[in-house]
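Hi,

Here is the structure I promised to send over. Have a look at it first, and then read my notes below.

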Amino acid sequence: MGGFGGTALEGLREGMRGPVITAQDPGYDETRAIYNAMIDRRPAAFAQCVDAADVRTVLSVARDTGVELAVRGGGHSGPGLCLVDDALVLDLSTMRGVRVDPGAMTAQVAGGAQLGDLDHAAHTFGLGVPAGIISMTGVGGLTLGGGHGHLTRKYGLTIDSLVAADVVLADGTFVTASEDEHPDLFWALRGGGGNFGVVTSFTFRLHPVGTVGVAVTVWPVDRTPEVLRWYREFLPAAPPDLNGFFTLFTIPPGPPFPEPIHGRKMCGVVWCYTGDLEGDRLEEVLAPVNEAAPSAFHFTTPMPYPALQGMFDELIPKGYQWYWRGDFLDTISDASIDVHHKYGENLPTELSLMHLYPVDAAAHRTGADDTAWAYRDAVWSAVIAGVDPDPANAGLIREWCVDYWTDLHPHSMGGAYINFIGEGESTDRVHGTYRGHYDRLAATKRTYDPDNFFHANQNIPPATG
């Protein structure tokens, strides 16, 4: 496999505390399986690191042998950037520790941790981080891409809560990046993806969040135009305590949805409210939902924040076929509403969906140039995802997603959340996503990874000259 084996493989095994798994070992196929089952690649070996020393060993072997390197954290990458055929995979997935300091309101999170690990550890202290909507998402990949979720309007992007990162660079050097140490690297890590090194630990500032108000409101899909016209005005004007992502989806067969609407295509909003839940406050905040059109179903309940984070886990578990693409939007134009309505009426499978995640309010309080995230003026981050358990439908869901995105893209801001760029998209998409920050990122890449050793990612080649 790619010339990697023999003495080099044995040396890697001897130099690591964690295991090294190849195709000759039991569990290889299980190890190479990631969240998106559409990705079917066969790396030469998985080096499952248990600490920074293991990471340095893997990087040393990869440099010395010339084998291609990929880095895996939570394995949630849509285009499967964490797997490369015949490569050596530096696998952080067993490094999932979280240490919370409730007095300092910080959490130190290992590089392979998933959101569920962080949420569980922080929740016991009534604390949390704005990050994602699926508990199986890797903290590392989400953070390095910028990160948004249920708490974004209240507390900002995930990177706005990052205070430090321990990083092993391509040459094996171990550094801590923060506002005071390697500030150029710290700037780049906050949105620039996995281009600059292997982050073995993230330190986050935590925020108060305990029990939140959760609501789901759905309307028949033919009411999409009215609902979107209402939503585009209502949510940006709402207090930051209220977050709500818009979705096009098919009602799943189970609670909390009543049986008469099971299997029906719907548009809807999933709400998260972090304000006072005394009395009927949540219902009062959401009283305007029927101004758009009479809802087919409206459900509210208080819920521990980690339970909200895991609410969709069983609906879309690991091992399904996925294809997604995304874009940033600063407005939901009438023309774009027509596109959403058309493709919502024609969802190709029961699990295919579109989400509009809010990235305004608190996310707009960070300066446009303070982090690598280049779209502080965006109001929504859109993702279109074809999803199905059956590999026979892979072509169908990809075609629907690409067609939807092609029609929607002219109404977007041009770039996308880097983690929503799909497999096979043009490299121009990466450049466009970073706007005027791209050259600064390329210069930082030249400083910390001049040979583009870390290139199995949404790559930013090092600047030349």
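**A buried loop residue**

N36 counts as buried, because its relative accessibility is 3% and the cut-off for buried is under 20%. Please keep in mind as you read that this is a predicted model. N36 sits in the loop between α2 (28–32) and β2 (45–48). Which residues does N36 touch, leaving out those up to four places away in sequence? They are S77, G78, Y320, Q321 and W322.

**A buried strand residue**

Next, find V198, which belongs to strand β10 (residues 198–205). V198 has a relative accessible area of 1%, so this residue is buried too. Leaving aside residues up to four places away in sequence, V198 is in contact with V55, L59, V71, L90, L92, D166, V167, V168 and F454.

Now look at helix α1 (residues 6–15) and helix α3 (residues 52–65), which pack at an angle of about 165° with their axes 10 Å apart. Angles over 145 degrees count as roughly antiparallel, so α1 is roughly antiparallel to α3. Is the crossing of α1 and α3 left-handed or right-handed? It is right-handed.

From α1, the residues that make the contact are A8, L12 and G15. From α3, they are D54, T57, V58, V61 and T65. Sorted by class, the contact of α1 with α3 has 4 nonpolar, 3 polar and 1 charged residues.

**The cysteines**

One last topic, again with some background: a disulfide is a covalent bond between the sulfur atoms of two cysteines.

How many disulfides does a search of the whole structure find? The search finds 0. Take C49, which is in no disulfide: the nearest cysteine sulfur belongs to C82 and is 14 Å away. For a disulfide, the two sulfur atoms would have to be within 2.5 Å.

C49 has a relative accessibility of 0%, so C49 counts as buried. Another cysteine, C272, is buried as well, because its relative accessible area is 0%.

Enjoy exploring, and write back with any questions!

Best wishes

Notes:
Residues are numbered from 1 along each chain as its sequence is written. This is a predicted model: local features need pLDDT of at least 70, side-chain atom pairs count only at pLDDT 80 or more; totals for chains, interfaces and linings use all residues. Side-chain values use heavy atoms; hydrogens and water are left out. Axes are lines fitted to C-alpha atoms, for helices over the stretch in contact, and angles run from 0 to 180 degrees between N-to-C directions. Helices (H or I, at least four residues) and strands (E, at least two) are DSSP runs, numbered from the N terminus. Angles under 35 degrees count as roughly parallel, over 145 as roughly antiparallel, 65 to 115 as roughly perpendicular and the rest as oblique. A crossing is left-handed if the near helix is turned anticlockwise from the far one by less than a right angle, and right-handed if clockwise. Contact means heavy atoms within 4.5 Å. Ala, Val, Leu, Ile, Met, Phe, Trp, Tyr, Cys and Pro count as nonpolar, Asp, Glu, Lys and Arg as charged, and the others, Gly among them, as polar. Buried means under 20% relative accessible area, exposed over 50%, partly exposed in between (1.4 Å probe, protein chains only).
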